[in-house]
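Colleague: Could you take me through one part of this model slowly? I am new to this, and I would like to see how the pieces meet.

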Protein chains: 2
Amino acid sequence: MKKQGLSRRDFVKFSAVGASALALSGMNLVAAMNEKDVKWDEEFDVVIIGSGFAALAAGVTSAKKGNKVVLIEKMGRLGGNSVINGGIFAVPNSDIQKKAGIKDSTELFMNDCLKAGRGINHRELLEMLGKRAQDAYKLTLDCGAKYIDQLTHAGGHSVPRSLQTENGSGSGIVLPMIDTFEKLDGTTVKKRTKFDNFVFDDKGAVVGVIVRENYKFDGNLMSDDVENKGGDTKYIKAKKAVMLAAGGFCRDKIFRRLQDPRITPETDSTNHPGATAGALLTAFRAGAYPVQPSWIQYGPWGCADETGFGVGSMFNVNGSFPFGISVNPRTGKRYMNELADRRTRTEAMFKVIHEKGDDDKNFPINFCDSRALKHMLPGHYEKALEAGICKKFDTIDALAAEYKIPVAELKKTIARYNEFVKKGKDEDFGKPVAATTTKGIDISVPPFYAERGTPKVHHTMGGLNINTKAQVINSLTAQPIPNLYAAGEITGGVHGASRLGSVAITDCLTFGMIAAETIG
Amino acid sequence: MKKQGLSRRDFVKFSAVGASALALSGMNLVAAMNEKDVKWDEEFDVVIIGSGFAALAAGVTSAKKGNKVVLIEKMGRLGGNSVINGGIFAVPNSDIQKKAGIKDSTELFMNDCLKAGRGINHRELLEMLGKRAQDAYKLTLDCGAKYIDQLTHAGGHSVPRSLQTENGSGSGIVLPMIDTFEKLDGTTVKKRTKFDNFVFDDKGAVVGVIVRENYKFDGNLMSDDVENKGGDTKYIKAKKAVMLAAGGFCRDKIFRRLQDPRITPETDSTNHPGATAGALLTAFRAGAYPVQPSWIQYGPWGCADETGFGVGSMFNVNGSFPFGISVNPRTGKRYMNELADRRTRTEAMFKVIHEKGDDDKNFPINFCDSRALKHMLPGHYEKALEAGICKKFDTIDALAAEYKIPVAELKKTIARYNEFVKKGKDEDFGKPVAATTTKGIDISVPPFYAERGTPKVHHTMGGLNINTKAQVINSLTAQPIPNLYAAGEITGGVHGASRLGSVAITDCLTFGMIAAETIG
């Protein structure tokens, strides 16, 4: 993270956008409308904006109740970020925990989340996750999702409570849910369809949406939401409810920077290009309370040699961080606990990255030895190796030569770390190196596998305010906006200042399901 | 700060409000209107919502340009929080600094603010303060504000750059500015007039406001903004501009808790009762981008024996903290650097306050000796003594007896602190006790003066987004909302995560003045 915020150059760029590109006439000034002024093109019971975990949990649950449901997705493919996420799913109080003799409770889960969230989490929402995550998990099983038969002890959780999909990706949940949804009666999926605004009745209830079909998202624009004028406007009636499940804003170059000016338009993100704030901002204009939008989380496991979540992230999450180390290539030394919380690791990594100045980035090298791969799913490293961003070395000398690391120092660092693994205690950075975490694996059996690491913008904790029924609250009345629901990353408050790993899926699926239950 | 957030009881209370009081039919569903549907009652060039520093700087500047200006104030008295604030005003690059040989710069000022603000400040706004604060200061002099002839070195600033009003209060600026405003041609002040919403033209420009006259603010309601239906609706045309200068939301029981659930409806604030989020939320519904609303600052100098800013705060700011110490009454020991930044002190104090549980609050005792008073303005202690919340003791034994502090421990603590003052070094907590700060005053010359201290919610850093011209930016277009301006605590970004002391006046006056300049 750059300490000094934006450079002058960044500002000039941003101002230039303000003055030229965005100042085009005829921007998308799509105001909310009254139903009296609308001729409906189509009609559904429930209109869901988005197609990730939250949208699918709501869609499947709602369609099973006999509702006519449509999913509205602006991108050309379904699944949002959910389909590229790591597929680790925290389920507190699960049957699997009981079978494994692990004692968990809603209170323990809430306390873990509150600790990570710096105490500003909305407790009543967290409590719903503790109570209902098991039901959301069952919903995914009913749809055909498959998980490996072992609980993961994800960082910051007091007990093992996280499941891992069989294919090591969120697609292991998303794809069977899409399949299930599409096979249910009365369901429709609209891709390349952009949500523009709401249609209200005279009493302020949401009765439909304005969308554009045949929309081509353009990630090269400073703001697709503001600048993209493409597509054909349609009016879709929602007889029972509109649900917002449009995700977070990690890729919104304008809104994320208003919250944290250190995040420049160039800053990379693990998210898919469509993760912008458009639907969220429209909800604010409709009266939704904004909640904690300035808490933005980096994922420290990104790979510097590709953009986005890519194919390299899972190598660090499941390989180099738990079973290996991360070193500063300039010194050959470790500089952090590779399993610290996301915020701590991100700060440590940015310090290394920027130590030579902003224009000569010094990316840390994350690596592990051959035995680590036996504890990973093939999906966690094969594609990264194929892409050439994860590299294989027969010797430490070869690895050091590739990344220009002082080899004598690097060997000292490895020897010291290996001692820590033997002792079960990291005396330098406090990484948990007990056998339960490292399986006794140190860095000694070639070949060695390495990536250049970097944090990337990963999750936006803030969003719009919902109650425990997934209803969106209106700041004008402090009451629900009639017929408007939301779930997942577009909402705020559940995670407070920092989300614990593996609770995103929990949040999205549980409140998606709850929204459909409330709608009825 | 309660670590565990809201108690179940709090929630039940809040839900009860949701279910009953707020669910009354006929709430203030005052929607924004189109000018075609409005019959104007009155007409001005510039309509300013609020009557504190930002409103007055804009009002005076605008009226001097020949505009017909109205100030709209919902309360029965003018001045908002500004009139009860401490009157310490940071002016970087000032003539007074030059005269005193103090080297300052916009960069130095920005770096101080960025350090406090954790780097998320909007640098371009900070830069305007560095460049224009001196002009805002001159504006106050022209209005007749008077300052003592000595710069204050406020906490977190690299150099002395803060002025203090002669009367030790923000009223030393506010009252002469009100007087100046009222004497200017074409000016109007409307008290007890509540801003409800905007009137737009067909192009989305703000052309007026909807207000209620004869409004009686009711601080006993959970939300005056939502529940109070009183007053007579009027439509006021704004030929040139509407400016929002309605302040922060430290007293908004609903919105502040959405941002930080540890702030319960019962949590006290230094702010006047009218500091609610109503105007801010209306701006969000009109399309203003929300910026960083979850950063809420406590003032650690509050007195536990009165509500609000009261008459006791300035005793701690100017007396017990710089010249004395704060002790835990249970142990008789110090527990913090009494001049640390606001956030650090707040956390330390809440730890002491809640150490016996939430129902038996253990308020710290802040005290100093008689010599401290010679370095304070009479306004800093006289009223607190009269009110009996600041107490005078002839001996340390009497002080210890009053607050049930173990006297032997307390005397040891004092002796140790006095040694630190002699050495010029606080070896326990790192308080700056050099003679430049303490004037060599320790705790030895009776009588002694003491208050029970507590942090109170003091400033909301977040708000709506403005550019350097004080124009409000629309999230639908990423462009200014035509004719809409804002300045002061209702805006966000200037202070980032934490505002430095004495920069509030700078922010409000400078951007208030700039708004009027942009309006022309």
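Modeller: Happy to! Let's start with the boundary itself: domain 1 of chain A and domain 2 of chain A bury about 1,100 Å² between them, and carbon and sulfur atoms give 54% of that area. On the side of domain 1 of chain A that touches domain 2 of chain A, the residues divide into four nonpolar, nine polar and five charged. Please keep in mind that this is a predicted model.

Now, which stretches of the chain are we talking about? The domain assignment of chain A gives 33-297 + 459-519 as domain 1 and 301-454 as domain 2. In the contact, domain 1 of chain A takes part with 18 residues and domain 2 of chain A with 10 residues. Taken over C-alpha atoms, the centres of these two domains are 33 Å apart.

What links the two sides? Across the interface of domain 1 of chain A and domain 2 of chain A, three residue pairs are in polar contact, while the count of salt bridges there is zero.

Let's finish with the aromatic rings. Searching the whole structure gives 19 aromatic pairs over all chains. Take Phe198(A) and Phe200(A): their ring centres are 6.0 Å apart and their planes sit at 55°, so this pair is tilted. Phe198(A) is buried, because its relative accessible area is 0%. Phe200(A) is buried as well, with a relative accessible area of 17%, and the cut-off for buried is under 20%.

Technical notes: Residues are numbered from 1 along each chain as its sequence is written. Chains are lettered from A and ligands numbered from 1 in the order in which they are written. This is a predicted model: local features need pLDDT of at least 70, side-chain atom pairs count only at pLDDT 80 or more; totals for chains, interfaces and linings use all residues. Side-chain values use heavy atoms; hydrogens and water are left out. Domain bounds come from an automatic or database domain assignment. Contact means heavy atoms within 4.5 Å. Buried area is the accessible area (1.4 Å probe) that two parts lose on being put together, summed over both. A salt bridge is a side-chain nitrogen of Lys or Arg within 4 Å of a carboxyl oxygen of Asp or Glu. A polar contact is a pair of N or O atoms within 3.5 Å; within protein, one must be able to donate a hydrogen and the other to accept it, and residues adjacent in sequence count only if both atoms are side-chain atoms. Ala, Val, Leu, Ile, Met, Phe, Trp, Tyr, Cys and Pro count as nonpolar, Asp, Glu, Lys and Arg as charged, and the others, Gly among them, as polar. Rings of Phe, Tyr and Trp (its six-membered ring) pair if their centres lie within 6.5 Å; planes under 30 degrees apart count as stacked, over 60 as edge-to-face and the rest as tilted. Buried means under 20% relative accessible area, exposed over 50%, partly exposed in between (1.4 Å probe, protein chains only).
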